[in-house]
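Start with the view below, then read on.

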Amino acid sequence: MIAEKRDPLVRMVRRENISPAQALFIRAAALVCALLTGGLMILALGHNPFAVYADMIIGSLGTRTVLAETIRLAIPLLITALAISLAFKMSFWNIGGEGQILFGAVAASYFALFWADTLPRAPLLLIMAIAGALAGGLAGLLPALCKAKWDTNETLFTLMMNYIALCYIKYLQNGPWKDARLRGFPKIAMFEDIAKLPKLLGVHVGWIIALALAALVYLYLHHTKHGYEITVVGESPRTAKYAGMNVGRVIVRTMFLSGMLCGLTGFIQVAGADYTLTDSTAGGVGFTAITVAWLSKLNPAIMVFVSFAIAMLKKGANKIQTTFKIPASAADVLTGVLLFFMLGCEFFLTYRLVLRGGKERLDG
């Protein structure tokens, strides 16, 4: 006898469309679930969830000083997310944002350390920005060339380049760029004031650069021929080739732009936030920006708000460590729980779960 084939108990079905009200409900439900789950963890640590959440908000928005710090944290997230969105839009999985930031930071730091005595402030900062962008672009160009010519795995290639950048900075810290005044401590000297970005409204001018880049990337993706080509290549390389597009050229060009934006982030970090180069200059921004890009559905306009929201979480998590003596690891887990639910809700915006028989649904 032939066994009767049965449908699975639960199966995924792609949604054809979803109303704005349904999308809002799913996102709101995800936020509530995230807060409840985080609240249970806070209770397990022996604290009042309402007090902890309130302290996170106050710690990230409560005063002009902490608001400026939150914005400062959002700047590299936004620019790097814009960079990653360019690559992801054409289905090139650039996981090397971290390394591209570091390569850009190295190039910018060279001029800050060795040219500060010979150039005025404006030309020096401009050269640092160009050097950082070009270094990041070249770091993104290498895996793109290999992908276009030999179809290499860009995920592994870009990921491994992160470690090359990190090891190179450690070499500089312990070798040619080591500050001799620190008596053997492996640290690069702080920048002179001339190599630091000016401030506007309490935050370095990187926030203006970030907002301008968000507008430019939006226009580039949605209102230019290059942006159209990126979309077509991402959806179907075969269709792009059939339409006469040079897929390899699109990949190389787009990854160079993606790397340039990451390199520019490296310049902004060393010249506007850290005022020196360290192995923690990127600080995980290259990986967190992937979350920003996905939560924003690769939309530059939405990235402005998502990057600020994640910066709030990060700043608020730092605050509760001090106020409630919550361990750093627990604060990171709390942030991860909140992001997990917000990312998870994107699944239910794209798919619905159907029970056996096809009648019952679990939309959230």
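T80 touches I101, C262, T265, V285, G286 and A289, with residues up to four places away in sequence not counted. The model is a predicted one. T80 is found in helix α3. How buried is T80, by relative accessible area? Its relative accessible area is 0%, so T80 counts as buried.

**Cysteines**

C262 is itself buried, with a relative accessible area of 0%. A disulfide is a covalent bond between the sulfur atoms of two cysteines. How many disulfides does the count give? The count comes to zero. Two cysteines show why. The sulfur of C262 has its closest cysteine sulfur in C146, 18 Å away, which is too far for a bond. Seen from C146, the closest cysteine sulfur is in C262, again at 18 Å and too far for a bond. The cut-off is 2.5 Å between the sulfur atoms. C146 is buried too, at a relative accessible area of 11%.

| Residue | Relative accessible area | Class |
|---|---|---|
| T80 | 0% | buried |
| C262 | 0% | buried |
| C146 | 11% | buried |
| L61 | 34% | partly exposed |

**Nonpolar cores**

The largest nonpolar core holds 93 residues. Which of its members touch the most other members? They are L82, M90, M128, L261, F267, L277 and I320. Take I320. Leaving aside neighbours within four places in sequence, I320 is in contact with V52, D55, M56, K325, I326, A331 and L334. Another core lies apart from the largest one. That core has five residues, among them A23, I26, A30 and C345.

**Helix α8**

Helix α8 spans residues 225-235. Its buried residues are G227, E229, I230, V232, V233 and G234. Which helices do these buried residues pack against? They pack against α3 (64-89), α7 (206-223), α9 (237-242) and α10 (247-274). Helix α3 also carries T80.

**Surface patch**

I57, L61 and L67 make a nonpolar surface patch of about 230 Å². Where is L61 found? L61 is found in helix α2, residues 49-61. At 34% relative accessibility, L61 counts as partly exposed. The cut-offs explain the class: buried means under 20% and exposed means over 50%, so a residue in between is partly exposed.

Key
Residues are numbered from 1 along each chain as its sequence is written. This is a predicted model: local features need pLDDT of at least 70, side-chain atom pairs count only at pLDDT 80 or more; totals for chains, interfaces and linings use all residues. Side-chain values use heavy atoms; hydrogens and water are left out. A nonpolar core is a set of buried Ala, Val, Leu, Ile, Met, Phe, Trp, Tyr and Cys residues joined through side-chain atoms within 4.5 Å. Buried means under 20% relative accessible area, exposed over 50%, partly exposed in between (1.4 Å probe, protein chains only). Contact means heavy atoms within 4.5 Å. Helices (H or I, at least four residues) and strands (E, at least two) are DSSP runs, numbered from the N terminus. Patches are made of residues with over 30% relative accessible area and no salt bridge: like charges are joined within 9 Å, nonpolar side chains (Val, Leu, Ile, Met, Phe, Trp, Tyr) within 5 Å. Accessible areas come from the Shrake-Rupley method with a 1.4 Å probe; for residues, only the protein chains shown count as cover. A salt bridge is a side-chain nitrogen of Lys or Arg within 4 Å of a carboxyl oxygen of Asp or Glu.
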